[in-house]
Amino acid sequence: VDSGLYPFKPLVESPIFYCQGDAALPLKGTADSGAILYWYNPVGIKFTMPPIPATDTPGIFVYQSNQRFKVCESLKDSLLVYITKRPIAAFTGPDSLCLGDTATFVFKGSVGVGPILEYVWDFGGAGYISGTDAQDRHVLWYGAGDKHITLHVDENKCPSLTVSKNVIVRPIPFAGFNVPNSACQYDTITAIYNTLPFIGQQYVWKFSDDINDSSITPGPIKIAYNTPGIKHFSLKADLNGCTDYRDTMITIYPKPLATVENKEGPTCIGDKIYLMGSGGVKYSWTPSKNLFTDDKGDLYALALEPITYTLTVTSGRGCQDSTFFHITDVQPCCNFSYPNAFTPNNDSHNDRFRIVTYGNEAYFELDIYNKWGQRVYAGSDATQGWDGTFGGKPCDAGTYFYYMKAKCFTGHEETQKGDLLLIR
C-alpha cells in the first residue's frame, strides 16, 4: 500500500575520513530503484542537494539520510564524517649501538584522541621488537650494518608524514685466543689471537699480577712466568667501543732444581765416575761420549779426556732444569809398583800378590809360574791378584815367577817380570 513506513534505508558510505584542510566531495548514497535520497543536518534540516563536508575544523560530524518511495519514507540513518588534524610522527633513538644491544625508540610526535590510531614502524629487519602504540619500542638486531628506521602515524586514516632515522649496528669483535692451559716456570708461553680481526680493532691482554703488562696488538704474545701458581690470562677486544672479553686460567708448575752430586776435581785417566744427580724424577746426561752403564744399569763416565756433561732433570709435571758437570783435570796416573812377597794366611794382610797400580790401565795381564814353569795364575784385573792357590789347593811356600804386561790409556806400555816369595 502507498502509506506507512518504507522499510529500507538507503545505502550510504559511513564513516568518511578527511584530514583537516583536505578538499571534500559531496556525500554519496544509493537509493532503491524508484526512490529518492534525502540528506539532513544533525537537527533534521533537509539539504536541497548532497552536502559537502567542511574540513577546516577538526571533529566528528554527523549527517543523516533516508529515502522516499512514492509517499512512503524510511527511517533516517546517521553518517559520520571524521575531520582530523594531521598527526606528527617523530621519535628519538640511538645513532649507533653494538650488535646484541637493545635499542630504545621513544615516540615524540603529536596525535589526537583518535579514536582510530595506528603507529606504523619499520625497524629494518630487526629480530626482536617489543612495545605497542605510543609505548617505547625496544628493538634488537641479529646482524650488524646500517639500519633504516621509519615511522608514520595514521589517525582516523589521516596519515602523518613519514620520518626516518639511520642507526649503525656495529659488529662486536671476538676475543678468542689459543694459549696452553699449563706451562713450567720461566718457560715462554705463546698466546695467539685466533679470529680474523676487523679493521681498527684494538686489544688489551692481561697476563697476571706478577706480569703487569698489556698490549694493543693481536700478538702473538710471548710471556714467561717467574713464579708458579694459577695465573689469570685474559683478552679484551675493542672495536669502536664494542667489546668482547675472554679469560682463562693457566697453571704454572714449579721448575725443578738440577743438582750434580759429583764433586769436580783431579781424576785419573780411565777412572769410572758414576754420575749422580738430584732434583727430579728423570735424568738425562749429554753428550753420550764416554758414557757407559755397568751390569746394574748404573751410568758412569770413563774419564779419558776433559769434557763437560749437561744434566737435564725432569719433574713429575714435565718441567726441566739443567746444570753442568766438568771433567777438566784428567791426569795420566798410570804407575806400577812391584812387591816381592806375600803371606796368604787369611789374616787380611798381604793375602794376595798383585801389582800395585795407581790409575787405570786400558789393558792388563799378569801370569805367575812355579819353579817348574807351570802357570799357576792368569789374570786381567790388577785389583784382584793371586791368592796363592792352584786348582783350588794352597801352593807350597817358596819362590815363584811373574810376568806382567799392561798398557795405559795414555798409550804407554809396561812390561815387567820378576820373582816373588810365597811365605806360609
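Me: Which element gives the most to the lining of the second largest pocket?

Reply: An element here is a DSSP run, either a helix (H or I, at least four residues) or a strand (E, at least two), numbered from the N terminus. In this predicted model, β41 gives the most to the lining of the second largest pocket, with three residues. Residue numbers start from 1 along each chain as its sequence is written, and side-chain values use heavy atoms, without hydrogens and water. Local features need pLDDT of at least 70 and side-chain atom pairs count only at pLDDT 80 or more, whereas totals for chains, interfaces and linings use all residues.

Me: How much space lies in the second largest pocket, and which residues are the closest to its centre?

Reply: On a 1 Å grid over the protein atoms alone, a pocket is an open set of points where a 1.4 Å probe fits, with protein on both sides within 12 Å along at least five of seven lines, and lining residues have an atom within 4 Å of a point. Points are joined across faces, edges and corners, and the volume is the space filled by probe spheres set on them. For the second largest pocket this space is about 220 Å³; 14 residues line this pocket, and Asn370, Lys371, Trp372, Asp396 and Tyr400 are the closest to its centre. Both β40 (393-394) and β41 (398-408) give two or more residues to that lining.

Me: What is the volume of the largest pocket, and which element supplies the largest share of its lining?

Reply: The largest pocket has a volume of about 270 Å³, and β37 supplies the largest share of its lining, three residues.
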